[in-house]
Amino acid sequence: MLQTSTGIAPVSEHTNPQGSGIREFLSFTLGKEEYGVDILKVQELRGYDAVTHIANAPDFMKGVINLRGVIVPIIDMRVKFNLGKPTYDQFTVVIILNMGSRVVGMVVDSVSDVTTLKPDQMKPAPDLGGAFESGHLIGIGTIGERMLILIDIDKLMSGADIGLIDQLTAH
């Protein structure tokens with residue numbers, strides 16, 4: 001069961017039959033675009049709340065929170081993806097991600113729903129050449145006219161700047 005503290009209804013985990021290729025993604029918005037992250041990485045959803053700022057942290061790192069005894073870095077995805085100045089309101093959500101040995105909070109504009117995608121609904125990420133770093137993209141999910149940009153959160157959160165966050169939060 002996914003925990004929430006925002007009034008968003010809990011979602012149940014879905015066990016996929018081995019080899020079915022069906023995957024579930026938590027969909028969220030940043031600006032006018034919709035993104036998806038593997039639901040199995042999501043620990044809980046929280047409303048945006050005050051954070052403790054860390055000196056000399058990158059702009060996209062809003063700070064840290066103490067989540068039941070665990071210090072969790074909070075990353076604003078709008079800033080990380082250069083999508084303009086973020087605004088924080090009643091719809092702003094922090095997605096708490098559990099990635100093995102690391103727990104990270106990801107600030108997004110809003111959370112939509114949990115979307116189930118079959119293999120034929122997932123297309124490879126387009127090759128944009130060197131103009132755009134797309135190594136963190138799984139691909140594009142399509143549901144009718146709706147498109148989800150599917151993010152490999154492990155790849156996104158394993159870059160050099162995230163290593164810097166690990167150093168900053170270790171002190």
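Student: What makes the largest nonpolar core a nonpolar core, and which of its residues touch the most other members?

Tutor: Its 28 residues meet the definition, and Phe28, Met77, Ile95, Met106, Val108 and Ile153 touch the most other members. A nonpolar core is a set of buried Ala, Val, Leu, Ile, Met, Phe, Trp, Tyr and Cys residues joined through side-chain atoms within 4.5 Å. Buried means under 20% relative accessible area, exposed over 50%, and partly exposed in between (1.4 Å probe, protein chains only). This is a predicted model, in which local features need pLDDT of at least 70, side-chain atom pairs count only at pLDDT 80 or more, and totals for chains, interfaces and linings use all residues. Residues are numbered from 1 along each chain as its sequence is written, and side-chain values use heavy atoms, with hydrogens and water left out.

Student: Which strand gives the most to this core?

Tutor: Strand β7 (residues 93-99) does, with four residues. Strands (E, at least two residues) and helices (H or I, at least four) are DSSP runs numbered from the N terminus. Apart from this core lies another, of nine residues, including Val51, Val72, Ile96 and Val103.

Student: What does Ile153 contact beyond four places in sequence?

Tutor: Val37, Lys41, Leu97, Met99 and Met106. Contact means heavy atoms within 4.5 Å.

Student: What makes the phi of Asn56 and of Asn82 worth noting?

Tutor: Most residues other than glycine have a negative phi. Asn56 is not a glycine, yet its phi is positive, about 65°; Asn82 is not a glycine either, and has a positive phi of about 55°. Asn56 sits in the loop between β4 (42-47) and β5 (61-67), and Asn82 in the loop between α1 (77-80) and β7.

Student: Why is each of these two residues called exposed or buried?

Tutor: Asn56 has a relative accessible area of 74%, so it is exposed. For Asn82 the value is 70%, which also means exposed.

Student: How do you know what Gln121 does with the backbone of Lys118?

Tutor: A polar atom of the Gln121 side chain lies 2.8 Å from the backbone nitrogen of Lys118. Gln121 is in the loop between β9 and β10 (122-124). Leaving out residues up to four places away in sequence, Gln121 touches Thr116, Ile140, Gly141, Thr142 and Ile143.

Student: How much of the protein chain is buried, and how many helices and strands are there?

Tutor: Buried residues make up 42% of the 171 residues. The chain holds three helices and twelve strands. Of its contacts with a separation of 6 or more, 58% are between residues 24 or more positions apart.

How values were computed. A polar contact is a pair of N or O atoms within 3.5 Å; within protein, one must be able to donate a hydrogen and the other to accept it, and residues adjacent in sequence count only if both atoms are side-chain atoms.
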